[in-house]
Amino acid sequence: MAEPVEVSRPRPGIGAAIAAAEARQRRSLLRNHGGGHAPVTNLELFFDLVFVFAITQLSHYLLDELTPLGALRTAVLFGAVWWAWMWTTWATNWIDPDRAEVRLLLGSLMLLSLMMSAAIPHGFGDGALLFAASYVTLQIGRCLFVAWAQHREEAGSGLNMLRAAVWFCGAAPLWLGGALIGDPQLQLWLWLAALALEYTAPLVFMRVPGLGRSKLSDWIISGSHMSERCSLFIIIALGEGLVISGATYSAAAAQPWLDAALLTAFVGSFVMWWLYFDMGARRGAHHIQNHTVPGLIGRQAFTYWHIPIVAGIVVLAVADELVLAHPREPLHADMLAVIIGGTVLFIGGLAGFKRISSGNSWFPASHLYGLYALVPLALWGWFGHPYGLVFYGAIVALFGGIAVWEWGSFHGGWIERMERRDWRIGHAMRRTVDRRRARRLAREEAAQNR
């Protein structure tokens, strides 16, 4: 009996491989940008509209609770709002908003964000449970969905977001317990602890027993997408300030200096836009797009350093409303604290952001000296009691001075201009700069030789 002849089957050709890859791509819920460009979609812009409402709610909450305790409570509520938006930004960097499943997810997150924002005015009262439950559900649900979508694409690739979900689950009892406890003071401490836990997670690479820790190489993001999303949030915050200014002006009774107050508020918002977008946003986008580890820049420059920038804009929106309501009222302690506090947050946050995005080890001189100039201004406001509008006008002028200094430094250089005119001060400044550079290089060389 003849032995059966084994017939070799043809191996799948390249056409079959391409077809399989295309089928897998059709099933994928991920952008698969590989670190390249990922455009911001219309759905993401629609999602941001909820946070226009959230920023307005935070400004009004601070205005109604203009005390140290109210400021601390506002900071807690702001921390949750920012963290909800930022983690969704990280998520949409990976998942594709054009897929139906992702659209349904973002729609659900919008509803939860709306409920969370609506609860802000009573976040330390009757609305505490709604705020906490919406926030916890949003954070955990989104992380689990992204982990599932990534694991579905490639087994094991969703561990990062699974670790994040574990951290959010660990903070959930603090959020919900604080909302249910019925004691606003204890609630504040529990919610502060929850935020501290959640904000620590990325700094320790979200280490989880049994699941290990993340590596920077795991966080492959589209730098252009991250920078554009944060820039749009800055626009949201600045736009909210303009809305508050316009609404306050329309509702105010006719009084001297009211038009000047509106003009001052507008110029302040415009100069803040200039300070962020002229150099900060541009260099930040270039830096993260060309960095070897964009996830690190996304964490440092955009996730954390944008917190004081946005917070400063929110606080200064409250200052706009106070000045518009009482332009000729002598400066009082609350108004002084709001104006100085918002300015320190905004300029200090910008200085940190620009330091990282420039690749330098030092903060921009224009911003540092601007912060130094706040000291005599604060003393003048405290002891001199100028009109609120006059003092706020001085702060806006300070913003303008910082913007002019920075613009001149990066468009030809001030020292170079003075040297071309053969001014002695220009030559003296050049010698000082050269000596400092030589000393710094000597220190760096000595450190390398040790």
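Predicted model: local features only at pLDDT ≥ 70, side-chain atom pairs only at ≥ 80, totals over all residues.
Helix α5 (residues 128-153) packs with helix α7 (residues 184-200) at an angle of about 15°, and their axes lie 13 Å apart. Because angles under 35 degrees count as roughly parallel, α5 and α7 are roughly parallel to each other. The crossing of α5 past α7 is left-handed.

Which residues of α5 meet α7? On the α5 side they are Ala128, Phe131, Ala132 and Tyr135, and on the α7 side Gln187, Trp191 and Glu198. Sorted by class, the residues of this contact are five nonpolar, one polar and one charged.

## Helix α9 and its two partners

Let's move on to helix α9, starting with its partner α11. Helix α9 (residues 258-290) and helix α11 (residues 306-325) cross at roughly 170°, and their axes come within 9 Å. Angles over 145 degrees count as roughly antiparallel, and α9 and α11 are therefore roughly antiparallel to each other. From α9, the contact uses Leu258, Ala261, Leu262, Ala265, Ser269, Met272 and Tyr276, while α11 brings His306, Ile309, Ile313, Leu316, Asp320, Val323 and Leu324. In this contact of α9 with α11 there are 11 nonpolar residues, two polar and one charged.

The other partner is α12. Here α9 and α12 pack at an angle of about 25°, with their axes 8 Å apart. That angle makes α9 roughly parallel to α12. As α9 passes α12, the crossing is left-handed. Met272, Leu275, Tyr276, Gly280, Ala281, Arg283, Gly284 and His287 are the α9 residues here, and they meet Phe346, Ile347, Leu350, Phe353, Lys354, Ile356, Ser357 and Ser358 of α12. The classes in the contact of α9 with α12 are nine nonpolar, five polar and two charged residues.

If you follow Met272 and Tyr276 in the 3D view, you will find them in the contact of α9 with α11 and again in the contact of α9 with α12.

## Spaces inside the structure

How many cavities of 30 Å³ or more does a search of the whole structure find? The search finds two. The lining of the largest cavity is made up of nine nonpolar, three polar and one charged residues.

The second largest cavity has a volume of about 40 Å³. Around this cavity are Ala237, Leu238, Gly241, Ser269, Met272, Ile313, Leu316, Ala317 and Asp320. Helices α8 (223-251), α9 and α11 each give two or more residues to its lining. The most come from α11, with four residues. By class, this lining has six nonpolar, two polar and one charged residues.

## The largest pocket

Now for the pocket. The largest pocket holds about 1200 Å³ of space. Its lining counts 28 residues, with Trp362, Ala365, Trp405, Ile415 and Val433 nearest its centre. Helices α12 (333-358), α13 (365-384), α14 (388-410), α15 (414-420) and α16 (424-449) each supply at least two residues of this lining.

Which element gives the most to the lining of the largest pocket? It is α16, with seven residues. The pocket lining is divided into 13 nonpolar, six polar and nine charged residues.

| Space | Volume | Element giving the most to the lining |
|---|---|---|
| Largest pocket | about 1200 Å³ | α16, seven residues |
| Second largest cavity | about 40 Å³ | α11, four residues |

To tie things together, α12 meets α9 in a helix contact and also supplies residues to the lining of the largest pocket. Helix α11, in turn, packs with α9 and gives the most to the lining of the second largest cavity.

Notes: Residues numbered from 1 in each chain as written. Heavy atoms only, no water. Axes fitted to C-alpha atoms, helices over the stretch in contact; angles between N-to-C directions. Parallel < 35°, antiparallel > 145°, perpendicular 65-115°, else oblique. Left-handed = near helix turned anticlockwise from the far one by under 90°. Contact = heavy atoms within 4.5 Å. Nonpolar A, V, L, I, M, F, W, Y, C, P; charged D, E, K, R; others polar. 1 Å grid on protein atoms, 1.4 Å probe; cavity = no way out; pocket = protein on both sides within 12 Å on 5 of 7 lines; lining within 4 Å. Points joined across faces, edges and corners; volume = space filled by probe spheres on them.
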